[in-house]
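Trainee: I have this model open and would like to go through the terms used for it. Could you take me through them one by one?

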Amino acid sequence: MVFEYVAEKHVKCLCCRETTIMSSCMDGSTSTLIRYEYNCQVCGLYSLEKSIDRENNRLIQALYYFILNEKSANIDVLVVSENTESVIKEENGRIVQYISEEDLITYYPIDFSQKVDKSLLNLSKVYSEYDSYITIQTSGTVQEINKGLPVAEKIKNLIFVDCGELTNGKLYKITSFLDLIADMELIKKNLSGGYSYFHRYTISSKGWLHIQGLQKDVNVSNQAFVAMWFDTSANNTWEMISRAIRDSGYIPVRIDEKEHNNQIVPEILYEIRKSHFVIADLTGHRNGVYYEAGYAKALNKEVILTCSEKDFENRHFDIAQQSIIKWKEGQELYDRLVRRIEATVGRRK
Ligand SMILES: [Zn+2]
């Protein structure tokens, strides 16, 4: 498919609300609209397929969280897609990371403690200096408060409060949530001013330590990396592995690599580092798969090895002592993987 970009215009970034350029990405041969692409100075290049609801507040907040905390490091563009599963691949000379709408929404926090943690992670990315102030003006003249609204709108997308379209009457929703985090002493609150006053927050030392802990804790990751030979003959294998991962409550991530080229290797290593565990199917005995499994093992990740029966005898000497799931057909692979995931890393709710 040849992409064409037309109708550039200035809009607000869906995530950070800075002015950004949006263009429509068309299929060059049929001139049909495929997706909207945003080129944001802060968030980078990201794109949403036309069928994705861009007014869906939760989805946009999940997207912003993903961009700030989870997005692969060196990709050129992130695409939110209706159907394509999570995969990173080269496309028209760019490294593209796809994430499905369904997967993306799972990054939205499910309970209070996750909301606090993920809000803090977001804030630490945008207010990354120790002395940065998160400022919200809640009282004063209507003009004064309205002037502060764009700033509050940026903060609103960083923290997980549901307040829909932000008006000056809803500012308290943001400050009440931040006050709760202040109660936990993870941020510090300073009220300042007289008649027109500001709520000012900074991340506390306790908050920074908490954030540091969260970043190290790979158990918060819901991602499972799949290393395997992505030959067309392996489509069914991928199907079964990815279903077993999903049914255990995780998101499978794969990287399509034609060959190990230098451009994509850093992505592979990065994705392995931030995965909860790794599944490596040795069928076909590709060097890349062994390399990725070894890398994950060295990082103390749980690595589940699988191999088709027909290739089992040829497995590499170094791993001959390991417990490998030997499978004959897809359903067996699925069943045994689900059990193994449950036994080693546990099912994720
Ligand atoms: Zn942005």
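Trainee: What makes the crossing of helix 7 and helix 10 right-handed?
Mentor: Helix 7 and helix 10 fall in the right-handed class. Keep in mind that this is a predicted model, where local features need pLDDT of at least 70 and side-chain atom pairs count only at pLDDT 80 or more, while totals for chains, interfaces and linings use all residues. Residue numbers start from 1 along each chain as its sequence is written.

Trainee: Why are helix 7 and helix 10 called roughly parallel?
Mentor: Angles under 35 degrees count as roughly parallel, over 145 as roughly antiparallel, 65 to 115 as roughly perpendicular and the rest as oblique. Helix 7 packs against helix 10 (residues 330-344) at about 30°, with the axes 9 Å apart. The pair is therefore roughly parallel. Those axes are lines fitted to C-alpha atoms, for helices over the stretch in contact, and angles run from 0 to 180 degrees between N-to-C directions.

Trainee: Which class do helix 1 and helix 3 belong to?
Mentor: The axes of helix 1 (residues 57-70) and helix 3 (residues 112-126) come within 10 Å and cross at roughly 60°. Helix 1 and helix 3 are therefore oblique to each other. Their crossing is left-handed.

Trainee: Which residues of helix 1 and helix 3 meet?
Mentor: Tyr 65, Leu 68 and Asn 69 of helix 1 meet Lys 118, Leu 121, Asn 122 and Lys 125 of helix 3. Contact here asks for C-beta atoms, placed from the backbone, within 7 Å. By class, this contact has 3 nonpolar, 2 polar and 2 charged residues. Ala, Val, Leu, Ile, Met, Phe, Trp, Tyr, Cys and Pro count as nonpolar, Asp, Glu, Lys and Arg as charged, and the others, Gly among them, as polar.

Trainee: How do you know that strand 2 and strand 3 pair?
Mentor: Pairing requires at least two bridges found by DSSP. Strand 2 (residues 19-27) and strand 3 (residues 32-40) have 7, in the antiparallel sense. Within this pair, Asp 27 stands opposite Thr 32.

Trainee: How many helices and strands are there in the protein?
Mentor: There are 10 helices and 15 strands. Both are DSSP runs numbered from the N terminus: helices are H or I of at least four residues, strands E of at least two.

Notes:
A crossing is left-handed if the near helix is turned anticlockwise from the far one by less than a right angle, and right-handed if clockwise. Two residues are in contact if their C-beta atoms, placed from the backbone, lie within 7 Å.
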